Amino acid sequence: MIGIQYENRLIECRPGMSVAAALTAAGERVFRDAGAGDARGLFCGMGVCQECRMQIDGRSGVRACMTPVRDSMRVSRMPERAVPGDRPEERGTENLPEAPDLLVIGGGPAGLTAAAVAAESGADVVVIDERPMPGGQFFKQPGSAELVPPSLARDRQFRNGRELIERARRSGARILSRAEIWGAFAPNEFGVLHGGSSCIVRPRRAIVATGAYERGLPVPGWTLPGVMTTGAAQTLLRSYGVVAGQRILVAGNGPLNLQVALELDRAGANVVGVAESARPPGAALLADALRLFRWAPRLALDGLRYLARLRAAGVPVFYRRVLKAVKAVEGGLSATLARVGQEDGPADRTVETDAICVGYGFQPNNEILRCLGCPHEHDERRGHLVAQRDARCETTVPGIYAIGDCCGLGGAPAALQEGTIAACAAVGSLGFDLPAGIDRKRKRAVRTLRRHRMFQAALWRVFEAPHYQAELATPDTLICRCESVRLRDLDAALKSGDATIGMLKRRTRLGMGHCQGRYCAPVAAAVLERHTGTPVGEFSLFAPRVPIKPVRIGDIAAIRGDSPGSENRSSEPEQV
């Protein structure tokens, strides 16, 4: 065990934990002050929302969910107006190859598969991954062997992820963890920050596999400490062996919520219920249920097992229920559930709990693709952008491939197959000969991908439910978590100016915070659609900008090598 100093309290924790996990295990939920008594805690658990920024060893704005604990570390809540500390901690600067054959962005199922296939074919491959360890959100790996909960000791998902990571490493692909892409410049240039050093990488080909993040559902009280995404709760458990609370409510839509509820129950939590916005299984869904077994019988059986084991454990599943509001009460939180279709009516039930895990779908992490100029189409049914690609997973920008959930949500099994397909196409375009074994895997991947896409189509017919955006928000509900912009602020701005998302940003600061609009932009676009009647499209969201993620200007200024596009610039100084 090691010790960290939190405020005036010494917290003992295990090596390999994140700061967020250590604090959660110790019962600490408040990580920072957002002003006016508005406290914030862990929300996304994957470094996207930036809500868990804290002061760590004298540095402000450090993400607790992405920072491993160290003995004698000093941690404190971050005040509303914190002065940034010195340069981020050096993690051992590495000489990053600036012109590899292939750059893979993302170390999840899709990216690791692509890296392994390409390196096995003889290509020089570099993988850039933001997280402390590869595996992504699907193949979450434990921070250390001692952190694996006994209930997950024989977990198939752990094992499959570990095998894929080992394969990628054996292939010769170079995996850089805790590395960030801060800029993407056409045609094929990337600003990379790693180990305290920033440089421009110009690969011959690039595969973007940045995955997705769970979207927010703005309801009254959704920013309270203790309200987190389902994925955050799963990361706490799978990566760090920490249960998010003693009494936990899971609310959302889709099979991930059932899986996480079961995992939490088996780890010792009292899961007080699962609020699922889809209708219950029944005869009307029989045809689609049979299709699930036809296209992916193992996955279909997993879903049935989740339901059967939750029922055996006494965990109730409330179908056609949606989280309507959250309040802080003595000893925890109070969640109000409404019946789907009767959201304006009286509460269906009220549940008191310690933690609320919310999972109402995902948004593709597509900022890099959009910065590179890859066109997208808006999927109205699922409410997100889908990248235009050909059958080889190549975008309309030559040399740029997109795979996995970042280009349209298709699930991890499909992402694995796309990794093989895209890697074969990329290295083939570079003149590498595919070994016979890899070519056979490519052909099998094409067939398997088709089955998984059919499975996904049937799955989301089974879990069909309303796609909520701002429908459950009240005038005082926060829409932009970072800048504390409320729904009434948007409504007031719409009454006094042009109805565009850019105008809303200028008048209210919507999207100007650390998450850079990742959570509020889709909601604001839906509010604009309701106001103007214009359907949401590719350009309804904020334009992607550099830096793609918050980064210190000093790191960009101290960049190694040539700056992007320098060969086309004059010698005149340029203002930034």
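Where is Arg-320 found? Arg-320 sits in the loop between strand 19 (317-319) and strand 20 (321-329); helices (H or I, at least four residues) and strands (E, at least two) are DSSP runs, numbered from the N terminus. The model is predicted, so to speak of a local feature takes pLDDT of at least 70, side-chain atom pairs count only at pLDDT 80 or more, and totals for chains, interfaces and linings use all residues. Residues are numbered from 1 along each chain as its sequence is written, and side-chain values use heavy atoms, with hydrogens and water left out.

Most residues other than glycine have a negative phi, and most peptide bonds are trans. Arg-320 is not a glycine, yet its phi is positive, about 55°. With a relative accessible area of 32%, Arg-320 is partly exposed. On that scale, buried means under 20% relative accessible area, exposed over 50%, and partly exposed in between (1.4 Å probe, protein chains only).

Asp-57 is another non-glycine residue with a positive phi, near 50°. Look for Asp-57 in the loop between strand 5 (53-56) and strand 6 (59-63). Asp-57 is partly exposed too, and its relative accessible area is 24%.

There are also cis peptide bonds to look at. One joins Ala-186 and Pro-187, with omega about 5°, and Pro-187 lies in the loop between strand 11 (179-185) and strand 12 (189-194). Another joins Val-546 and Pro-547, again with omega about 5°; here the proline, Pro-547, is in the loop between helix 13 (520-532) and helix 14 (553-557).

Now for helix 6 (residues 286-295), where Asp-288, Leu-292 and Trp-295 are buried. These residues lie on the same side of helix 6 because they cover an arc of only 80° around the axis, the arc being that of the directions from the helix axis to the C-beta atoms. On the face turned away from the buried side of helix 6 you'll find the exposed residues Leu-290 and Arg-294. What do the buried residues of helix 6 pack against? They pack against helix 7 (297-312) and helix 10 (436-462), where contact means heavy atoms within 4.5 Å.

**Two helix pairs**

Two packed helices are described by the angle between their axes and the distance between the axes. Axes are lines fitted to C-alpha atoms, for helices over the stretch in contact, and angles run from 0 to 180 degrees between N-to-C directions.

| Helix pair | Angle | Axis distance |
|---|---|---|
| Helix 6 and helix 10 | roughly 155° | within 9 Å |
| Helix 11 and helix 12 | about 115° | 10 Å |

Helix 6 and helix 10 are therefore roughly antiparallel, while helix 11 and helix 12 are roughly perpendicular. Angles under 35 degrees count as roughly parallel, over 145 as roughly antiparallel, 65 to 115 as roughly perpendicular and the rest as oblique.

On the helix 6 side, Asp-288, Ala-289, Arg-291, Leu-292 and Trp-295 meet residues of helix 10, including Arg-450, Met-454 and Phe-455. The residues of this contact divide into eight nonpolar, no polar and five charged. Ala, Val, Leu, Ile, Met, Phe, Trp, Tyr, Cys and Pro count as nonpolar, Asp, Glu, Lys and Arg as charged, and the others, Gly among them, as polar.

For the other pair, Asp-489, Leu-490, Ala-493, Leu-494 and Ser-496 in helix 11 meet Met-503, Leu-504, Arg-507 and Thr-508 in helix 12. That contact has five nonpolar, two polar and two charged residues.
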